[in-house]
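Me: I am new to this structure and would like to learn how to read its features. Please take them one at a time.

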Amino acid sequence: MSKIEKVLYTAKTHAVGARSGTARSDDGQLDVKFSPPGSPTPGTNPEQMFAAGWSACFMGAMGRAASKLQVKLPADLAIDAEIDLGTTNDEFFLQARLNISAPGLPREVTQAVVEAAHQICPYSKATRGNIDVTLNVV
């Protein structure tokens, strides 16, 4: 495990009420209500938050990887993330699929950028070896 030499940013949030509660960032930029997955109650859930954060972070990592590989990413680059919450032997687990669309970029080039990004992205590093992750170029 690598130790951080220089902290670039620290996100600070305060959450109460678990899956029926709320979370707010110290700067007020994030203020969300949670509801259990599949609930008719208004609100998001941790899995959706994780999917959105990972998608945004992974796109940034793709930009960095593409730059190193001298590849220009399309403006309409998109990621559809799917985070599954499930159980095995009565214990909870996550699994993930990142479905990456890079219209106009050859599939093999996109695949090379995706694989490099997966080595760079902090979310990918945090989940590596901990959950099943599938990267799909679509």
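Me: Which residues are buried in α2?
Reply: Buried means under 20% relative accessible area, exposed over 50%, and partly exposed in between (1.4 Å probe, protein chains only). Helices (H or I, at least four residues) and strands (E, at least two) are DSSP runs, numbered from the N terminus. In α2, the buried residues are T110, V113, V114, A117 and H118. They sit on the same side of α2, because they cover an arc of only 140° around the axis. The arc is that of the directions from the helix axis to the C-beta atoms.

Me: What kind of model is this, and how are residues numbered?
Reply: The model is predicted: local features need pLDDT of at least 70, side-chain atom pairs count only at pLDDT 80 or more, and totals for chains, interfaces and linings use all residues. Residues are numbered from 1 along each chain as its sequence is written, and side-chain values use heavy atoms, with hydrogens and water left out.

Me: What do the buried residues of α2 pack against?
Reply: Contact means heavy atoms within 4.5 Å. The partners of the buried residues of α2 are α1, β5 (91-101), α3 (122-127) and β6 (132-137).

Me: How many aromatic pairs does the structure hold?
Reply: Rings of Phe, Tyr and Trp (its six-membered ring) pair if their centres lie within 6.5 Å; planes under 30 degrees apart count as stacked, over 60 as edge-to-face and the rest as tilted. The structure holds three such pairs. One of them, F50 with Y123, is tilted, at 5.8 Å centre to centre and 40° between the planes. This pair ties together parts 73 residues apart in sequence, because F50 lies in helix α1 and Y123 in helix α3. W54 and Y123 have ring centres 6.5 Å apart and planes at 20°, so that pair is stacked. Ring pairs link F50, W54 and Y123 into a cluster.

Me: Is W54 buried or exposed?
Reply: W54 is buried, with a relative accessible area of 0%. F50 counts as partly exposed at 22%, and Y123 is partly exposed at 29%.

Me: Where is S35 found?
Reply: S35 is in the loop between β3 (31-33) and α1 (46-68). Its relative accessible area is 2%, so S35 is buried. A polar contact is a pair of N or O atoms within 3.5 Å; within protein, one must be able to donate a hydrogen and the other to accept it, and residues adjacent in sequence count only if both atoms are side-chain atoms. A polar atom of the S35 side chain lies 3.1 Å from the backbone oxygen of G43.
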